[in-house]
Amino acid sequence: MASVDTSFIPDLPVSGPLSVYRKRANFDWKRLRLIFEKEQALRVKYNVWRRLENDPLFAHASRTLPMDEQKRLAAMQVNKMKELNLVPKEIESLSFSAKTKYLMHINEALASYSSSLSVKIALGVGLFNNAIRAMGTEKHTKYIDAAWNREIITCLAVTEVSHGSNTKRIRTTATYDPSTQEFVVNTPDFEAAKCWVGNLGKMATVAMTFANLITADGENHGLHGFLIPIRDPKTLLPYPGVLVGDIGEKSGLNGIDNGFVIFTNYRIPRDNHLNRTGNVTPEGVYESVFAEPGKALGAALESFSAGRIGIMQESANTLCSAAVIAVRYAAVRKQFGPERQGEEMAIIEYQLHQYRIFPYLAAACVQKIAVEELTLTYLEIIARSQADSNGFDVLTQNAAEIHALISASKPHITWSARDAIQEAREACGGHGYLRAAKLGQMRTDHDPLCTYEGDNNVLGQQASNWLLRQWSAKELETPIGSIKFLEQREKLLKLQYAQLVQQSPMDSWEFALTCYEWLLCHLMAHTSGHIEAQLAAGVHRFEARNNAQVAGAKELSLAYAEYFALSRFVGHVRQLNVDQSYARVLRLLYDVYAMWLLEKHMRTFYVGGFAVGAQFSQAVQQRLLQSCAQLKDVAVSVADAIAPPDFALNSVIAKADGLLYENLQNEFMTNEGAFQRPYWWRDVIIPQPQEKSKL
């Protein structure tokens, strides 16, 4: 294994309760960390964490702040970003992919510290600028610099009160007036009000807004992007014709001022139309490079996949944090033992506990690599489309598959992180419910990721629709190669467990991957057959597709995401040149995750005829439990390799020193008001009857 520099990674305590398990690892956790993440990414993140920790503005509050104070603090922290100089000037000269990756590293580090802060920046700078690049032209680039320098406060206004996922039914209008060369923006009624717009509630001065472009002849040319001024940047007061407000307190992420806006005959200049895919001449003639408005919208919206990539990166880190908390707590928390009066065992030693938390530790490690691989693939496609004179053609050639991958993977990883947080909370018992444990805040802050930037169940249907089209197509179109195995569909569908285990034993990388290839072929054949049977019975295609979701389409999209993650992890590991100790732990993590996932599909394997009898299910569970048992001694060091520093993790029950009870004691004894009599004590005292005087 080549020599690597790990000096920039801070050391962890060499003594303390966690050292019992740390000493059992036969590998360097820092070098393992550099397998999960590239050196540049880690250097950027540690730089961000160090600067935040040294600035008083980013000190963690000891209790939940009032909603308005959370908004104020998050806004001030955003303004502080430029002063912190997290993005050196030389980054601007890098390629699109390199610069975007650098900014993504920063966002990941910020997200592990505060979801509200990272989302405000992602919405107000990242996604806004992506929208300008995707839909705007040269005259709009000034807005990119203005947003970056905080000269304007920006947001993206797409969702309306009555329409979110179905963007084609958005009803906000922008009607061109050739006499003044302006667009007149209107909100037909409250149901068409833009809502849930991050940064809009209190602060945004410019909103990148989707509206139906209507020319003077009354023709509707479909959805286009418009840059709409909302407030005076000097006073933050709204302009006449703009009714804008905050939607109110949410379950979490209250540092973000989500807002709504209603436009009434509000005029904006013609140049505020983002006209890369379609333009209106000064005289009012509509021109487009696309014959169909829907294709223009689709090409523009595909650039928003960067937002979903960002969500997957944040979710992978959330998954890591939840797993780290669960593992560190399990290693120091002791309960029961073989002898009633003897020494108690750490709960990490119990098989059921390993079965509960180790799959999420393994998932975190696999997903770190899989999300990175998907990110690189996406950025490469976008970079080629921007460099090519026929950029939209390049994007279109790859868009369908990358969209399917992202649409399947975003639900898979956000749901995985959601479930990991809940399992970690329960696995840490009552202490896990303490606010200072971080899991409660993590749960409420992560929850909206399952529905924003694309509702998970709707995205899954988009992914399964593409897969089913490929199943029925005369010629397979998979430029990324994610379903190249369909070329062997007939052979795969005939495969059974007894035959596979002879060709590829369970200790081979290919075993689980081939199981998934059979599973995907079966689900495509079964779901496609279900739809065709419905159509033959006279059912409308729309209803037939709806009726196929439970029958197989939902499982299909999730299995596709799982297969992609496993296959990319295997591809990545096979390219490594590492010592046996690292190869062994990577293989253990793969086995735990792969067997755990296969267990979830066991019913389909048996119903589909892949397996008969108990051998397959028993073999999968046995390997899963054996792998968990082998992972136990190194689990703490694996957790160290994916853990953010204590400042960012901010969990009293999972500090790197492992001093669980000392840290809990400090939390109990120093929390504000712990020993004070409540001001309302008189309200709860039960009046005692007065004794009658004997005089």
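Predicted model: local features only at pLDDT ≥ 70, side-chain atom pairs only at ≥ 80, totals over all residues.
1. Lys30 and Asp11 are joined by a side-chain salt bridge, with N and O 2.4 Å apart (a salt bridge being a side-chain nitrogen of Lys or Arg within 4 Å of a carboxyl oxygen of Asp or Glu). Lys30 belongs to helix α2 (residues 29–36) and Asp11 to the segment before α1 (19–22), so the contact ties together parts 19 residues apart in sequence. Lys30 counts as buried because its relative accessibility is 9%, whereas Asp11, at 64%, counts as exposed. Here buried means under 20% relative accessible area, exposed means over 50%, and partly exposed lies in between (1.4 Å probe, protein chains only). Helices (H or I, at least four residues) and strands (E, at least two) are DSSP runs, numbered from the N terminus.

2. Residues are numbered from 1 along each chain as its sequence is written, and side-chain values use heavy atoms, with hydrogens and water left out.

3. The structure holds 35 salt bridges. One of them pairs Lys80 with Asp55, the closest N and O atoms being 3.5 Å apart. Lys80 sits in helix α4 (residues 67–84) and Asp55 in the loop between α3 (39–53) and α4, so parts 25 residues apart in sequence are tied together. Both Lys80 and Asp55 are buried.

4. Glu372 and Lys101 form a further salt bridge, with a closest N to O separation of 2.6 Å. This pair links distant parts of the chain, since Glu372 is in helix α10 (residues 351–387) and Lys101 in helix α5 (residues 96–113), 271 residues apart. Lys101 counts as buried, at 8% relative accessibility. Elsewhere, salt bridges with shared partners connect Arg22, Arg328, Asp640 and Asp646 into one network.

5. Strand β2 (residues 173–177) has four of its five residues buried, so the strand is largely enclosed by the rest of the structure. β2 runs antiparallel to strand β3 (residues 182–186), and five bridges join the two (strands pair if DSSP finds at least two bridges between them). Thr175 stands opposite Val184 in β3. The two strands form a hairpin with four residues between them, and Gln181 in the turn has a positive phi of about 55°. β2 also pairs in the parallel sense with strand β5 (residues 206–214), over three bridges; Ala174 has Leu213 as its bridge partner in β5.

6. A separate point concerns the open sheet of three strands, whose order is β4-β8-β7 with antiparallel pairing. β4 (194–197) and β7 (242–246) stand at the edges with a single partner strand each, so one side of each has no neighbour in the sheet. Neighbouring strands are turned by 15° against each other on average, direction ignored (axes are lines fitted to C-alpha atoms, for helices over the stretch in contact, and angles run from 0 to 180 degrees between N-to-C directions). Five bridges join β7 to the antiparallel strand β8 (residues 259–263), and Leu243 stands opposite Ile262 in β8.

7. Helix α16 (residues 509–536) has 28 residues and reaches 41 Å from its first C-alpha to its last, close to the 40 Å expected at 1.5 Å a residue. The expected span is 1.5 Å times one less than the number of residues. Gly538, which follows α16, has a positive phi near 90°.

8. Phe668, Met669 and Phe675 make a nonpolar surface patch of about 360 Å². Patches consist of residues with over 30% relative accessible area and no salt bridge; like charges are joined within 9 Å, and nonpolar side chains (Val, Leu, Ile, Met, Phe, Trp, Tyr) within 5 Å. Accessible areas come from the Shrake-Rupley method with a 1.4 Å probe, and for residues only the protein chains shown count as cover. Phe668 lies in helix α24 (residues 660–670) and is partly exposed, at a relative accessible area of 42%. Met669 also lies in helix α24 and counts as partly exposed, at 45% relative accessibility.

9. Gly609 lies in the loop between α20 (602–607) and α21 (615–631) and is partly exposed, with a relative accessible area of 29%. Gly609 and Val48 are 561 residues apart in sequence and 52 Å apart in space, C-alpha to C-alpha.
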